[in-house]
Amino acid sequence: MRCDVAVIGGGPAGLAAAIAAQERDARRVLVIERAEELGGILPQCIHNGFGVEVFGEDLTGPTYAQRYMDRAFELGVEALLDTMVLEISPGRITATNARHGILEIEAGAIVLAMGCRERPRGALAIPGTRPAGVYTAGTAQRLVNIEGVMPGERFVILGSGDIGMIMARRLTFEGAAVERVLEIQPFISGLMRNYVQCLQDFDIPLQRSHTVVDIRGDRRVEAVVSAEVDPDWHPIPGTEEVIPCDTLLLSVGLIPENELSRQAGVELDEATGGPVVDERFQTSVPGIFAAGNVVHVYDLVDDVSHAGERAGASAAEFALERREEPARKVRLRAGENIRYIVPQVLDPEGLRRGEQRLQMRVRRPIEAPVVLRVEAGGETLLRRRLRYVRPGEMVSLTLPERTYSQVRDADEVGVSVEERGG
Amino acid sequence: MAERRRLICITCPMGCQLDVLFDPESGRVLEIEGHGCKRAWAYAEKELTHPTRMVTTTVRVRGGVWPLVPVHTAELIPKSAIFPLLRELRRVEVQAPVRCGQVILVSGAGTGVDVLASRDLPTTDVEEPAPAIYPPAG
C-alpha cells in the first residue's frame, strides 16, 4: 500500500502530525498504532491539566485525545490499530498485525512519533528479591484507570515525578493506602502544584533525599527498606527504615523509544536519547521526521502537539516535493548549565521564513534570577531574563528573524544560563 | 486573632511558597510574603476559606470496550466534597456507548456540579473503536 505520510505512533504527537499533514493536502495520511486504540498515554491520564495552551481550557487527558481523534477522522486520516512496525527505511515501512500478516507500506515521508517508555526496575539496580508487586507508575495507572484492576492495597512510590504523585492521589481515591513517596533528589521532580493537590491534600508523606535500598518478600512484596542518601546519592548507613507494603511503584524517569530510529540509521542525541532534529523536525535521514517524546521528554502535552504539528506539516511538504533541502545546517551548542537543546541543528534559511522556537533543559536548578544567553561567533544574539530555572521545567526561547544573518555566518550557536550578578 | 499559615500557591507552575497572615474571622488575608505575583492573594484567600478542586475518577460501564469510563466534575467542587462524591460514584454504572461530555451524575454529592464523561466509549459490538481501517472494504 501507498501513502503520502505515514506516522508511527498514534499518541498526541502522532495525531497532531497526521492532522497537520492532512491539512497540508497530503493525499493519504496513515497512522500506525501498536495499541488497540489511539491516544497514546492520554486515555489513562484521567486527571486534568491538559490543553490550557492549545485549547485555553483545562481538560482531562482522555478529553484532550478525543478532540484530536475527532479532528483526525473528520479530515480522513486513516489508522491501522493493533499493528507493530518492524522496520523502517526512507520511504518504506514493514509492519505486522493479526489481520493482514505482513504489510509493506510505501510512504512519501515518515513521522516517528513512538513516544517514550518508563525506566524499569532493572535500570535502577535496586537490590532485593524478585517478588510480584513491583510496577512502573504508568503500568499501575493503566491497570487502575483503563482495565479496572487494583494492583495492590498498600503502596510505596519511588520517585516524585508527576505520574508518581498523580498515582498517589489516584490510589487514595480508590481506597488504597499510600505509605510513602520517596525522592532521591533533595527536590521534588514533578510540579509543586501536583505536590499540593496530590500529596499534601491527602496527607501522603514525602521524603526527599531518600531511596529504596531493599525490596523484601518471597512471592509478593512484603516491605521495602528506605534510606536517606548523601549528596552523591549513596545510602547513609543507619538511616534504614522498613516500610511494610504490598506494592512498590516506580516513577523514576522516561526514556524516548528509538529502536526503530536507530535501526533506520537516524542520528541520535546522547543527551536527549532521541533523534537529532532540525527546526522542521527532520532527522538526519531525509524524509524521516520525528516529534514528541520520541525526540525528548516534554513536561506538557500541549508542547508535544505543537511539535507534532510542525513535523506533520514538514513531512507533507517533503512528500509533496514542496520543500527545499537546506544547503547547510548550523549546530546548536548546549553551553553553561544547559543539558540539551531541541532542535539540535538549524537551517539558517528557516529564520528567513519566521522566528524559530528552541526548547531546552538545564542541568541543575537555580532558584534565583538568571540570564539565558544565545551567542554566535562571539556575539550575543539574545539575552532573556528568567526568575529561576529548574531541570523539571523545560525552558522555551524564540530566536527572532533578525538573527538570520548572524546565524547564517556562524559555525554554531551557543546557549548558556548564568546567574544574574547582584 | 490573625494566624500565620504556610501555603504553596498552585495558580501557576512556579509554586511560590507563601507565608500568609490570615484573619479567620473575616476570612481575609492581611499579609503575604514569598509570592511572585498578585494572584497569590486570591489563591490564599480561597484556599484558606473554601478550597476547591476538580475531581477526576472512573465509573463502571456495561458493554463497553473497557470496563470503566473516566469522568470529571464539570467545575471545581469544595475539597470537603471529594470523598462523598467518590463514594457516590462507586455505586454508579452506565451503559455503553458513552459519549464524551455526557452527564454521568447530576449534582454530585449535593454540590450542584455535574459529573461528565471524559471520552467516548464505544460498545464491544463495534468491531474496532476507530472508524477508518486499512484496507477499506473491497
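Predicted model: local features only at pLDDT ≥ 70, side-chain atom pairs only at ≥ 80, totals over all residues.
1. Chain B has 138 residues, and 33% of them count as buried.

2. Now turn to chain A and look for an open sheet of three strands, ordered β21-β23-β26, whose pairing is antiparallel. Its edge strands are β21 (338-342) and β26 (395-399) of chain A, each of which pairs on one side only. On average, neighbouring strands in this sheet are turned by 30 degrees against each other, direction ignored. As background, strands of a sheet pair through backbone hydrogen bonds, either parallel or antiparallel.

3. For a closer look at one pairing, follow β21(A) and strand β23 (residues 356-362) of chain A: four bridges join these antiparallel strands. Within β23(A), A:Val362 stands opposite A:Ile338.

4. Finally, find A:Glu309 in helix α7 (residues 301-319) of chain A. Is this residue buried or exposed? A:Glu309 is buried, because 22 other C-beta atoms lie within 10 Å and the cut-off for buried is 20 or more. Leaving out residues up to four places away in sequence, A:Glu309 touches A:Ala16, A:Ala17 and A:Ala20. A:Ala20 is 289 residues from A:Glu309 in sequence, yet their C-alpha atoms are 5.2 Å apart in space.

Note on methods: Residues numbered from 1 in each chain as written. Chains lettered and ligands numbered in written order. Buried ≥ 20, exposed ≤ 12 C-beta atoms within 10 Å, placed from the backbone. Pairing = 2+ DSSP bridges. Helix = DSSP H or I, 4+ residues; strand = E, 2+ residues; numbered from the N terminus. Axes fitted to C-alpha atoms, helices over the stretch in contact; angles between N-to-C directions. Contact = placed C-beta atoms within 7 Å.
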